[in-house]
Amino acid sequence: MLLLWTKFLKKMTILKIAIQKNGRLSENSRELLAECGIKFSSGTAALKSNAVNFPVEALFLRDDDIPQYVEQNVADIGIIGENVVYEKKKDIKVVEHLGFASCKLSLAIPKEEIYTGVGYFMNKKIATSYPVILSDFLQKHQITAEIEEISGSVEIAPGIGLANAICDIVSSGSTLLANGLVEVETILNSQAVIVANKNMAPEKESILEDLLFRIRTVKSARKNKYILLNAPESSIDEICNILPGMKSPTVLPLAKKGWCSIHSVVGENEFWERINLLKKAGAENILVIPIEKMIL
Ligand code: PRT
Ligand code: ZN
C-alpha cells in the first residue's frame, strides 16, 4: 500500500511546506498538520517527509531560512512568526494567521532609567536580532541610534555594557524582568502565519486551498466549545439569547415535565461570562465539551 502511494506521489503535484525543525514553532506546526488529518511517513529526525494521505511534503528547516526558500520556490509555503516575515522582507505573501506563538517585538530599557518617549533612543546604542525592523521603526520616528546586531541572549546586552537598550521578542515578560529591563515600546505584535510563494502553479494553489480549509476548520473548533444544559421551559427565550449558537440552539424536551435540554456552541473567549449568565437564567447540569472539528 505504502509502495503504491510512493509511486503515485512521484507523478502527482505535491505542495512543499517548510516548518521549523526545532524550536517554539515546531510542535504547534506539527500538531496543526496532525489535527488536519495529515500523517507523515518519517519521524522527527528526518529533514523532509512525505505525507501518506495528503499531497504535501514537509521540509524541516531553521525558521530564518524559510522566507528565502519560499521566495525561491524551494518550498511553496511555510509556517513562521510574523516577526521573521517582516525582518526578512522577502517577496512572499501571508495567507493565514494561525493563532499560536503569540509575542511582541519590543524596545526595553534598564528599569532605573526615566523613559521620555521614543526620543529617549536618540544617539543610544540598541542591541537586537531584528536590525531591519528596528531600523524601519527608528527611521519612521526620525531617531538616529546605533544598532548592535547580536544573534541571541539580547537581554543581557545592557547589563554587560554592550548597549543602552534592547529590541527583542517579549512573551511573558519574565526574561526582561530577570535582566532588570522594562518594556517601553511595542514595535509589532506577532503570531505564527502561513506564508506562500506568490507564483504558485494552479494545481498547487488548489492543494493550498484544501489545506487552508482544513486549517480553518481546526481553528474554529479550537476557538469554540459545545455546551449542553438543562433548563426550565420558561427560561428558553432568555437562554437562547445568551447562547445564540451557529444558527440557533437546539432545544429538546426532557422526560421531566416542564424541562428541556439546550445545546449550543460558545466561543472560548466569552465562555466564563456566559456560564454565569446561564446560571442566573436557571440553567442546571451544564456540560462543556471540546469540539474536534467545526465546518462552517
Ligand atoms: O533555530 P531556529 O532559528 O529555527 O529558531 P529560533 O531560535 O530563531 O526561534 P525560536 O524557536 O526561539 O522562536 C520561533 C518563533 O517563536 C519566533 O520567531 C517568534 O515568532 C515566536 N516566539 C513566541 C518567540 C517567543 N514567543 C519568545 N518568547 N520567540 C522567542 N522568544 C524568546 C525571546 O527571544 C526572549 O529571549 O523568549 C524570550 C522572552 O520570553 P519571555 O516569555 O520571558 O518574555
Ligand atoms: Zn531563527
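**View 1. A101, a partly exposed loop residue.** In this predicted model, A101 is partly exposed, with a relative accessible area of 30%. To find A101, look in the loop between β5 (92–97) and β6. Its backbone is worth a glance too: phi of A101 is near 55 degrees, a positive value in a residue that is not glycine.

View 2. Is Q142 buried or exposed? Q142 is exposed, with a relative accessible area of 69%. Phi of Q142 is positive, near 50 degrees, although Q142 is a residue other than glycine.

**View 3. Helix α5 and its buried face.** Helix α5 spans residues 131–140, and its buried residues are P131, I133, L134, F137 and L138. Why do these residues line one face of the helix? Seen down the axis of α5, the buried residues fall within an arc of 165 degrees, so they share one face.

**View 4. Helices α2 and α7 crossing.** Two packed helices are described by the angle between their axes and the distance between the axes. For α2 (residues 26–35) and α7 (residues 202–223), the axes come within 9 Å and cross at roughly 100 degrees. The two helices are therefore roughly perpendicular to each other. On the α2 side, the contact is made by L32, L33 and E35, while α7 brings L211, I215, V218 and R222. Sorted by class, this contact has five nonpolar residues, two charged residues and no polar ones.

**View 5. The domains of the protein.** Stepping back, the domain assignment gives domain 1 as 2–101 + 192–221, domain 2 as 103–190 and domain 3 as 223–290. How far apart do the C-alpha centres of domain 2 and domain 3 lie? Those centres are 48 Å apart.

Conventions:
Residues are numbered from 1 along each chain as its sequence is written. Chains are lettered from A and ligands numbered from 1 in the order in which they are written. This is a predicted model: local features need pLDDT of at least 70, side-chain atom pairs count only at pLDDT 80 or more; totals for chains, interfaces and linings use all residues. Side-chain values use heavy atoms; hydrogens and water are left out. Buried means under 20% relative accessible area, exposed over 50%, partly exposed in between (1.4 Å probe, protein chains only). Helices (H or I, at least four residues) and strands (E, at least two) are DSSP runs, numbered from the N terminus. The arc is that of the directions from the helix axis to the C-beta atoms. Axes are lines fitted to C-alpha atoms, for helices over the stretch in contact, and angles run from 0 to 180 degrees between N-to-C directions. Angles under 35 degrees count as roughly parallel, over 145 as roughly antiparallel, 65 to 115 as roughly perpendicular and the rest as oblique. Contact means heavy atoms within 4.5 Å. Ala, Val, Leu, Ile, Met, Phe, Trp, Tyr, Cys and Pro count as nonpolar, Asp, Glu, Lys and Arg as charged, and the others, Gly among them, as polar. Domain bounds come from an automatic or database domain assignment.
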